[in-house]
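This report describes a single protein chain for readers who wish to relate its sequence to its fold. Please consult the sequence and the structure shown here.

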Amino acid sequence: MVRTATAERTVGADGGFAFVRGRQAVTRTQELADLVSTLLCVVDEGSGFLTGQTLNVSGGSAYL
């Protein structure tokens, strides 16, 4: 779960971020910069041969 103003209002107040962190391999709250950094890597000229991939930017929650 990405920390946004909406997420702070809806789930942050009741410990939602802590709940998600407890179920991820990376035990910190995801920030927008985490998504932006991944996107910048994919659109970089050096990634010109990368095709048809799905990148799961989830902190490892899919594997726990």
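## Basis of the model

The model is predicted; local features need pLDDT of at least 70, side-chain atom pairs count only at pLDDT 80 or more, and totals for chains, interfaces and linings use all residues. Residues are numbered from 1 along each chain as its sequence is written, and side-chain values use heavy atoms, with hydrogens and water left out.

## Overall architecture

The protein chain has 3 helices and 0 strands, where helices (H or I, at least four residues) and strands (E, at least two) are DSSP runs numbered from the N terminus. Read from the N terminus, the order of elements is α-α-α.

The radius of gyration of the protein chain is 14 Å, whereas a compact globule of 64 residues would have a value near 11 Å. This quantity is taken over C-alpha atoms, and the globule rule is 2.2 Å times the number of residues to the power 0.38. The C-alpha trace spans about 45 × 25 × 15 Å along its principal axes.

Of the 64 residues, 19% count as buried; buried means under 20% relative accessible area, exposed over 50%, and partly exposed in between (1.4 Å probe, protein chains only). Among contacts between residues at least 6 apart in sequence, 49% join residues at least 24 apart, a contact being heavy atoms within 4.5 Å.

## Salt bridges

Side chains of opposite charge can pair when their charged atoms come close. A salt bridge is counted here when a side-chain nitrogen of Lys or Arg lies within 4 Å of a carboxyl oxygen of Asp or Glu, and the count comes to 3.

R3, E8 and E31 are linked in a network of such bridges. In the pair of E8 and R3, the closest N and O atoms are 2.8 Å apart; in the pair of E31 and R3, the corresponding separation is 2.9 Å. Because E31 lies in the loop between α2 and α3 and R3 in the segment before α1 (5-12), the latter pair ties together parts that are 28 residues apart in sequence. R3 is partly exposed at 31% relative accessibility, E8 is partly exposed at 33%, and E31 is partly exposed at 30%.

D34 and R28 also form a salt bridge, at 3.0 Å from N to O. R28 has a relative accessible area of 42% and is therefore partly exposed.

## A buried glutamine

Is Q30 buried or exposed? With 12% relative accessibility, Q30 counts as buried, and its position is in the loop between α2 (16-21) and α3. The side chain of Q30 reaches the backbone oxygen of V57 at 2.8 Å. Not counting residues up to four places away in sequence, Q30 touches M1, V2, R3, L35 and V57.

## Surface

The protein chain exposes about 4,800 Å², of which carbon and sulfur atoms supply 59%; accessible areas come from the Shrake-Rupley method with a 1.4 Å probe, and for residues only the protein chains shown count as cover.

V36, L39, L40, V42, V43, L50 and L55 make a nonpolar surface patch of about 630 Å². Patches are made of residues with over 30% relative accessible area and no salt bridge, with like charges joined within 9 Å and nonpolar side chains (Val, Leu, Ile, Met, Phe, Trp, Tyr) within 5 Å. L55 belongs to the segment after α3 (32-43).

G46 is likewise in the segment after α3, and it counts as exposed at 70% relative accessibility. G46 and A25 are 21 residues apart in sequence, and their C-alpha atoms are 28 Å apart in space.

Notes:
Polar contact = N/O pair within 3.5 Å; in protein donor to acceptor, adjacent residues only side chain to side chain.
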